[in-house]
Amino acid sequence: MTPSPPAFDWEAFLDRLAAFYHTGDWRVPYLRDHAEDPFQVLIGTILSQRTRDENTDRASQLLFAKYPDAARLARATRAQIEPLIHSTGFYHTKARVIHQCARLILDRFDGVVPHDLEQLTSLPGVGPKTANCVLVFGYGIPGMPVDTHVHRISNRLGVVRTRTPEQTETALRQSVPERYWIPVNPLMVQHGQNLCRPNRPRCPECPVIDLCATGIALRVGRPPPRKEDARRPARRKPAPTRTPASKTGARKPRR
Ligand code: SF4
C-alpha cells in the first residue's frame with residue numbers, strides 16, 4: 001500500500017512568512033493596515049474591487065472622513081459619494097452599492113454590520129471573499145477570504161487543485177486547521193504582492209520553497225502543478241548570419 005503524503009505544515013508555512021515579512025521594505029496588503037472597524041472593512045473591500053491598493057486607500061480616506069459609519073453614509077446622496085471614490089474606478093456602480101449597503105445595514109441590522117456569512121452575503125456587492133474579510137479583519141473571527149493571490153498560491157503550494165476561488169475556499173476550510181485561518185489571507189496576499197507574484201514568482205528567494213510543490217518542482221526540473229508556472233525554456237539566440245566577404249570588403253587571405 002502506498003503511504004499517504006504528509007499533511008501540509010501550515011504552522012511552519014505561516015511562521016516563516018510572518019518572520020520573513022516582519023522586516024524589510026515589503027508591500028503591505030491594504031486590509032492589514034485598515035482592519036479596525038467592520039463597516040469600514042466592508043466598504044473598503046467593496047471599493048478595492050478591480051483597483052490598486054493605493055486607489056482604495058485614497059478613496060476610503062476621503063469617504064470615511066465624511067461618512068465613517070452606516071448611518072452617515074446612508075444619509076449621503078450618491079452625488080456626494082461619487083467624487084470621493086472616483087479614484088477606484090467604476091465609481092457610479094460602487095457608489096450605488098455602498099449606499100445601498102449602508103441603508104440595508106441601518107434598516108435590517110440596526111446599523112451594525114452582521115458577523116454571519118449568510119447575512120453578510122445578502123447585502124449588495126458582498127460575495128464570499130468580502131464577507132470573509134469582514135469576519136477576519138473586522139471581527140477577528142476565523143474565516144477564509146480567498147482572492148486571486150490566495151487562490152494562486154494555494155494551487156502553487158499543491159495544497160489544493162482548484163479552478164475557482166470559491167472551490168479554493170471550500171478546499172482550504174478542510175485543509176487548514178481553524179486555529180490558523182485568520183493569518184492565512186494577510187500573509188498569502190502579502191506573499192502574492194511581493195515574491196509569489198502572478199508571473200515569474202521569485203522562488204529562489206522564497207522562505208517556504210521547501211514546502212512548496214512548485215518551488216520544489218522547478219528546482220529539480222519537474223513540471224509544476226500549474227501548467228502556467230512552467231518556465232519557458234530560454235530562447236536560443238539565432239546564429240549570426242554570415243555576410244559574404246565580397247560585401248564587407250574583406251580580402252581573402254593570401255595563400
Ligand atoms: S516557492 Fe515560488 S511558487 Fe512556491 S510559494 Fe515560494 S515564490 Fe511561490
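Hi everyone, let me start at F90, which is partly exposed because 13 other C-beta atoms lie within 10 Å. On that scale, 20 or more other C-beta atoms within 10 Å of a residue's own make it buried, 12 or fewer make it exposed, and anything in between is partly exposed, with C-beta atoms placed from the backbone.

Two housekeeping points before I go on. This is a predicted model, in which local features need pLDDT of at least 70 and side-chain atom pairs count only at pLDDT 80 or more, while totals for chains, interfaces and linings use all residues. Residues are numbered from 1 along each chain as its sequence is written.

Back to F90: it sits in the loop between α6 (78-85) and α7 (91-109). Helices here are DSSP runs of H or I with at least four residues, numbered from the N terminus. F90 is not a glycine, yet its phi is positive, about 50°. D110, another residue other than glycine, also has a positive phi, near 55°. D110 lies in the loop between α7 and α8 (117-121), and D110 counts as exposed because it has 8 C-beta neighbours inside 10 Å.

Now for some helix packing. Helix α3 (residues 38-47) and helix α4 (residues 53-66) pack at an angle of about 135°, with their axes 10 Å apart. The axes are lines fitted to C-alpha atoms over the stretch in contact, and angles run from 0 to 180 degrees between N-to-C directions. α3 and α4 are therefore oblique to each other; under 35 degrees would be roughly parallel, over 145 roughly antiparallel, 65 to 115 roughly perpendicular, and the rest is oblique. On the α3 side the contact uses Q40, G44 and L47, and on the α4 side T56, A59, S60 and F64. Contact means C-beta atoms, placed from the backbone, within 7 Å. By class, that makes 3 nonpolar, 4 polar and no charged residues. Ala, Val, Leu, Ile, Met, Phe, Trp, Tyr, Cys and Pro count as nonpolar, Asp, Glu, Lys and Arg as charged, and the others, Gly among them, as polar.

Next, the ligand. Of the 13 residues around it, C196, C203, C206, C212 and G215 come nearest; a residue qualifies if its C-beta atom, placed from the backbone, lies within 6 Å. The shell has 9 nonpolar, 2 polar and 2 charged residues, and α10 (148-157) and α13 each supply at least two residues.

Last stop, A213, in helix α13 (residues 213-220). Leaving out residues up to four places away in sequence, A213 touches L157, G158, P224 and P225. The C-alpha atoms of A213 and P225 are separated by 7.0 Å, at 12 residues apart along the chain. A213 is partly exposed, with 18 other C-beta atoms within 10 Å. Thanks, everyone!

Key: Two residues are in contact if their C-beta atoms, placed from the backbone, lie within 7 Å.
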